[in-house]
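Reader: I have a model open and would like to go through it with you. Can we start with the backbone and work from there?

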Amino acid sequence: MSGPEGGSSLSRPAEPRHPAHTTLVDNIGLLVTHDADRPERSGAALLIENGVVAWVGDAGDAPAADERIDAHGGCVIPGFVDSHSHIVFAGDRADEFEARMAGRRYEAGGIRRTVRLTRDATDEQLLANATRLVAQARAQGTTTIEIKSGYGLTVADEQRSVRLAATLTPEVTFLGAHVVPEGVDRDAYVDLVVGEMLDACAPHSKWIDVFCETGAFTVDESRRILEAGIARGLGARVHAGQLGESGGVQLAIELAAASVDHCTFLSAADVEALASSTTVATLLPGVEFSTKQPYPDARRLLDAGAHVALSTDCNPGSSFTNSMPLCIALAVREMGMTPYEALRAATEGGAAALRRADVGHLRVGARADLAILDAPTYVHLAYRPGVPLVRQVLSGVAGP
């Protein structure tokens, strides 16, 4: 289970069938493949063979198939890749949201409240809530999702968080370094994270993450934690730049982390370093919507040549949304992205943040993870915010 290379998405790949089973998605008004030469096709069709895209072309040239799905002239896009979520938790913090809307500043310490509620919940309660949130995300077009721990903060509670998350996705991240729990010496806690807690969680995890912010973990503490995870075969991810400029972005790049997430506050040196690295800047506009902080400047990153992803950061405190279409609309309206740039960041960008080449696009050879929109173009995701435009979702399987 551990290691940074990709596996499956929300659902496991279809087992090969003999003979091969084929499905034709036909009558597509606009097909978005993210192909370098022809990223969009009008009047298109797409052939799926055993859960993999086998052919893309004009509808008039479509091959025969065992079954057909009529897109009714709608737009077909790659399934969204939500590369940052925290959905193994109990309770909510609606009162904190209400207070922020009335002017109270967001503070990371609210995490400890969710920790208390999560520790008191049963495995069955935690899994039921996470399963419900995954189903909601899928209904809105998400076909790949990353899930972090971080609301347990004891060896047993972090271990069960990653264990439960692993029943829902292979993209599991150990985030024991979310905050230092109440009443615990911080040096002793860092020792626990890199020792017994990592030992318990690594077998169920693919990634290790750390919240490198004021009020959470310092750059030196973060480096020690990430290096311990890397030594255990986990890929690195970093929370940084949410509450202010810090050394977390540079640390992520130094350690060749797959992604550095938030990036709300970036120095010129941070932007330049991201542009010359393979580390993806994952932007989380649901956080700014919920905390009333300034939105990240996506235009600045894109113009510099940085790799950019969009994700929900679904969590009960700072961004309780699992809607990638909402994040696309916010990115277009508030962050300087074009509709296509936002869609690509929410699909292929998210895949890059998970080091996945098999999802986030619909080129031949990709997993057949796609969403059929009840709209002529993906522009409607931002043009008609809040409208449920996803008519049908396919995820790694042949047929509807």
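Reader: Where does Ala 256 lie?

Author: This is a predicted model. In it, Ala 256 is in the loop between helix 7 (248-254) and strand 12 (259-262).

Reader: What is the phi of Ala 256?

Author: Ala 256 has a positive phi of about 55 degrees, although it is not a glycine. Most residues other than glycine have a negative phi.

Reader: Is Asn 50 buried or exposed?

Author: Asn 50 is buried, with a relative accessible area of 17%.

Reader: Switching to charges. How many salt bridges does the count come to?

Author: The count comes to 29 salt bridges.

Reader: Start with Glu 96. Where does it lie, and which side chain does it meet in a salt bridge?

Author: Glu 96 lies in helix 1 (residues 94-101). Its side chain meets that of Arg 93 in a salt bridge, at 3.1 Å from N to O.

Reader: Are Glu 96 and Arg 93 buried or exposed?

Author: Both count as buried: Glu 96 has 10% relative accessibility, and Arg 93 has 2%.

Reader: What else does Glu 96 touch, not counting residues up to four places away in sequence?

Author: Glu 96 touches Arg 104, Gly 110 and Arg 113.

Reader: Next pair. What joins Arg 116 and Glu 182?

Author: The side chains of Arg 116 and Glu 182 meet in a salt bridge, with N and O 2.9 Å apart. Arg 116 is in helix 2 (residues 111-120) and Glu 182 is in the loop between strand 9 (172-177) and helix 5 (186-201), so the pair ties together parts that are 66 residues apart in sequence.

Reader: And how accessible are Arg 116 and Glu 182?

Author: Arg 116 is partly exposed, with a relative accessible area of 41%. Glu 182 counts as exposed, at 54% relative accessibility.

Reader: Which residue does Glu 348 form a salt bridge with?

Author: Glu 348 pairs with Arg 344, the closest N and O atoms being 2.9 Å apart. The two are four residues apart in helix 12 (residues 339-353), so about one helical turn separates them. Glu 348 is buried, with a relative accessible area of 16%, whereas Arg 344 counts as partly exposed at 39%.

Reader: Which residues do salt bridges that share partners join into one network?

Author: Arg 93, Asp 95, Glu 96 and Arg 113 are joined into one network that way.

Reader: Pockets, then. How much space lies in the largest pocket, and what lines it?

Author: About 280 Å³ of space lies in the largest pocket. The lining has 14 residues, of which His 307, Val 308, Arg 344, Glu 348 and Gly 349 lie nearest the centre of the pocket.

Reader: Which element gives the most to that lining?

Author: Helix 12 does, with six residues.

Reader: Now the core. Which residues touch the most other members of the largest nonpolar core?

Author: Ile 77 and Leu 310 do, in a core of 90 residues. Helix 5 gives the most to this core, with seven residues.

Reader: What is Leu 310 in contact with, leaving aside neighbours within four places in sequence?

Author: The contacts of Leu 310 include Val 81, Leu 283, Pro 285, Met 324, Cys 327, Ile 328 and Ala 331. Met 335, Met 337, Ala 342, Ala 345 and Ala 346 are also among them.

Reader: What does the second, separate core include?

Author: That core has 17 residues, including Val 56, Val 76, Ala 366 and Ile 372.

Reader: Last topic, cysteines. How many disulfides does a search of the whole structure find?

Author: The search finds zero disulfides.

Methods: Residues are numbered from 1 along each chain as its sequence is written. This is a predicted model: local features need pLDDT of at least 70, side-chain atom pairs count only at pLDDT 80 or more; totals for chains, interfaces and linings use all residues. Side-chain values use heavy atoms; hydrogens and water are left out. A salt bridge is a side-chain nitrogen of Lys or Arg within 4 Å of a carboxyl oxygen of Asp or Glu. Buried means under 20% relative accessible area, exposed over 50%, partly exposed in between (1.4 Å probe, protein chains only). A disulfide is a pair of cysteine sulfur atoms within 2.5 Å. A nonpolar core is a set of buried Ala, Val, Leu, Ile, Met, Phe, Trp, Tyr and Cys residues joined through side-chain atoms within 4.5 Å. Contact means heavy atoms within 4.5 Å. On a 1 Å grid over the protein atoms alone, a cavity is a set of points where a 1.4 Å probe fits but cannot get out, and a pocket is an open set with protein on both sides within 12 Å along at least five of seven lines; lining residues have an atom within 4 Å of a point. Grid points are joined across faces, edges and corners, and a volume is the space filled by probe spheres set on the points.
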